[in-house]
Amino acid sequence: MINSLYVKLVITNVLILLSITISAQSKYGKDEQTCKENVSVFREYCKQKNFEDALNPWRWAYNNCPASYATIYKNGPKIIKAQIKKYPNNKIEYVDTLMMIFDQRIKYGFGKEGYILGLKGYELFFIDKNRAEEAYQILKTSLNMDKNSSSVQAVYAYMKATIYLQKKGKKSKEDVLSAYSLVSEIVDYNIKNQSKTTKNFIKYSEKIEDMFTPYANCDDIISLYNDRFQSSQSDIDFLKRIEKILSDKDCIKNNLYLDVLNILQEIDDSSYYAIKLANALFSNGDFLKSSNVFNKILEEYDLDENLKARILLNYANSLRMEKKYSEAISQSIKALQIKPDWGEAYLLQGNVYVSGSKSCGNDFEQTTVYWLAVDCFVKAKSDDDVKDLAVKSINTYSKYFPNKETCFFNGIQSGEKYNIGCWINRTTIARTID
């Protein structure tokens, strides 16, 4: 009985040792020592960026002990890409080798499959555009597998490949929009959830947006972001990106843009988003809110003189659209106190007088307001930046001057001083159209 147990124990130990030996041979091939030596040699050459001398020991390890070390697959692409650069005529064969490296890395379990497919698709697309469709499919598989865990290389290359194929007529605009919808969610997640790759996602997010924006019109962008905005109103980085995209595309006449700006201006200490909001409200025809925000900016923020003058003039224009003509003139005068001879301010004053002329008495009294408006346009003409527009305004509104007969019946002669009453109460020179 004892002898039988002893024999069984010996056999078991032999089997265990044999299993370990077979496992070691499987990992290192038939020659463990040579495998380790070649791996050590090519790895050292790669550290020195001497990929030419790294090639032969790397190739030996790749062929003879492929399951041994992950470094075979991490350094392999560098070595093969160096060969592609040195021997471009053999590019096709080397690219095939490069693809096999990634396939074998997956086979032997050196990394997650989705991540490795992302690297494979990235390299294939940027090295051989003739295989862009193949790269696209590899990258799409990678993103579908890894989702929010996708690498920045896979995300960027997928967007790049989609647009490349669209330009070649092999993908549609809708494919580009769909691709952006997918990758933007991955980018947002990785920026919002801080990790060691967040910095790279922030860097490449702008490149991805620059690629995308030429393909989308305002309706596309609004449709893409509306639902996500409702669930991401506390994600400031996301809101800033929406604002930038909509602003760059001049998509500011919509509720999404106003909603985004309302949040951003509340949390931003500077006047940056408040100014954007005021201008957007004006563009959207909400002049009362626009005026209120401009007024708030002037009261609450410390602005440099040039910016203050601009805000005053925009405020004046908003007041003009509210038909608060006297207040509009008052704000434009404040702007001119900062920037004397500013043609744009004089143009606005003239337009305020034109807009408010109908509120000044009878038909004759209304036409006299155009004298004052043209006075402003004449002053504006001295500023080269608005000279052409000023001349055009002079020619347009001089046609509304009263004729000699009308002036005579109202006891006025051309060349006389004339005080315009109503909300204006300013003196000008009488002129006639004839």
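Modeller: Start with burial: buried means under 20% relative accessible area, exposed means over 50%, and partly exposed lies in between (1.4 Å probe, protein chains only). Cys 407 has a relative accessible area of 1%, so Cys 407 is buried. This is a predicted model: local features need pLDDT of at least 70, side-chain atom pairs count only at pLDDT 80 or more, and totals for chains, interfaces and linings use all residues. Residues are numbered from 1 along each chain as its sequence is written, and side-chain values use heavy atoms, with hydrogens and water left out.

Colleague: What makes Cys 407 too far for a bond?

Modeller: A disulfide is a pair of cysteine sulfur atoms within 2.5 Å. The closest cysteine sulfur to that of Cys 407 is in Cys 360, 16 Å away, so the two are too far apart for a bond. Cys 376 is too far as well, because its closest cysteine sulfur, also in Cys 360, is 13 Å away.

Colleague: How many disulfides does the rule give?

Modeller: The count is 3. In sequence order, the bonded cysteines pair 1-2, 3-4, 5-6.

Colleague: How do you know that Cys 218 and Cys 251 form a disulfide?

Modeller: Their sulfurs are 2.1 Å apart, and the cut-off is 2.5 Å, so the pair qualifies. The link is left-handed, with -85° about the S-S bond. Cys 218 is in helix α11 (residues 218-231) and Cys 251 in the loop between α12 (236-248) and α13 (255-267), so parts 33 residues apart in sequence are tied together. Helices here are DSSP runs (H or I, at least four residues), and strands are too (E, at least two), numbered from the N terminus.

Colleague: Why is Cys 218 called partly exposed?

Modeller: Its relative accessibility is 27%, so Cys 218 falls in the middle class. Cys 251, at 1%, is buried.

Colleague: What makes the disulfide of Cys 360 and Cys 422 right-handed?

Modeller: The torsion about the S-S bond is about 60°, so the disulfide is right-handed. Cys 360 lies in the loop between α18 (343-356) and α19 (363-380), and Cys 422 in the loop between β1 and β2, so the pair ties together parts 62 residues apart in sequence.

Colleague: How do you know that β1 and β2 pair?

Modeller: Two strands pair if DSSP finds at least two bridges between them. β1 and β2 (residues 426-429) have 4, in the antiparallel sense, so they qualify.
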